[in-house]
Amino acid sequence: MKKQIKTTEAIFPMPVLLISTFNENGSVNVMNAAWGTMLDRDMVALNLTETHKTVENIKARKGFVVHLADAKHVVEADWFGVVSGNKNPDKFVKSGMTFVKSELVDAPIINELPVAIECEFVEYQNDSTGIGVIGKVVRTSVEEVNLKDGKVDIDSLEAIAFDPYTHGYYKVGGRVGEAFKDGLKLK
């Protein structure tokens with residue numbers, strides 16, 4: 001029997017996305033965002049308020065990079081979520097991570113993270129049904145060690161998910177089925 005609990009961001013897993021941008025002085029800003037998804041194969045949606053330094057940077061620079069956080073960098077990922085870029089513009093330096101500038105958008109790619117999704121800013125939606133930042137994916141790159149037969153090896157990524165119930169991070173892994181195939185057994 002189900003028991004009613006306090007309403008929260010109750011969808012699990014929530015991705016741990018690290019959004020990187022350049023500040024106005026060229027320094028790197030990164031934020032941790034769990035409220036993000038794909039709108040289409042080449043469109044990203046990030047539910048971010050305009051009070052974030054990241055949103056200000058995206059609007060000004062017209063580009064950003066979405067990274068999948070991994071278990072190896074959970075400390076850095078959490079750091080990017082607990083420290084505001086508005087109050088601590090040097091938080092990236094403190095993380096010890098490194099970057100290269102994207103060749104396609106005006107944003108940094110974090111070297112240590114396995115997946116980088118480079119995006120052009122499309123629009124910001126801020127009405128009552130708006131999502132926030134909408135971006136067009138212009139390139140996705142993955143570390144070669146995380147590829148198997150030319151496809152992303154999800155287990156090797158050790159991507160992490162955010163648990164909204166207890167505020168924990170969990171490693172995503174362990175294939176349990178075949179999409180678009182297993183359900184056909186019920187035909």
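Predicted model: local features only at pLDDT ≥ 70, side-chain atom pairs only at ≥ 80, totals over all residues.
Local features were considered at pLDDT of at least 70 and side-chain atom pairs only at pLDDT 80 or more, whereas totals for chains, interfaces and linings use all residues. Residues are numbered from 1 along each chain as its sequence is written, and side-chain values use heavy atoms, with hydrogens and water left out.

Helices (H or I, at least four residues) and strands (E, at least two) are DSSP runs numbered from the N terminus. Strand β6 (residues 63-68) is mostly covered, with five of its six residues buried (under 20% relative accessible area; exposed is over 50% and partly exposed in between, with a 1.4 Å probe and protein chains only). Strands are taken as paired if DSSP finds at least two bridges between them. Strand β2 (residues 17-22) runs antiparallel to β6 and is joined to β6 by four bridges, with Ser 20 opposite Val 65. Strand β9 (residues 115-124) is likewise antiparallel to β6, through five bridges, and here Val 66 stands opposite Ile 117.

Helix α1 (residues 53-61) contains the buried residues Lys 53, Thr 54, Val 55, Asn 57 and Ile 58. Their cover includes β2, β3 (28-33), β6, β9 and β10 (133-142). Asn 29 of strand β3 is buried, at 2% relative accessible area. The side chain of Asn 29 makes a polar contact of 2.8 Å with that of Thr 54 (N or O atoms within 3.5 Å, where within protein one must be able to donate a hydrogen and the other to accept it, and residues adjacent in sequence count only if both atoms are side-chain atoms). After α1 comes Lys 62, with a positive phi near 65°.

The whole structure holds 11 salt bridges (a side-chain nitrogen of Lys or Arg within 4 Å of a carboxyl oxygen of Asp or Glu). One of them joins Asp 106 to Arg 61, with the closest N and O atoms 3.0 Å apart. Because Asp 106 lies in the loop between β7 (99-101) and β8 (108-110) and Arg 61 in helix α1, this pair ties together parts 45 residues apart in sequence. Asp 106 is partly exposed at 22% relative accessibility, as is Arg 61 at 24%. Asp 106 also forms a salt bridge with Lys 101 (3.7 Å, N to O).

Tyr 170 belongs to strand β14 (residues 168-171) and is partly exposed, with a relative accessible area of 44%.

Note on methods: Contact = heavy atoms within 4.5 Å.
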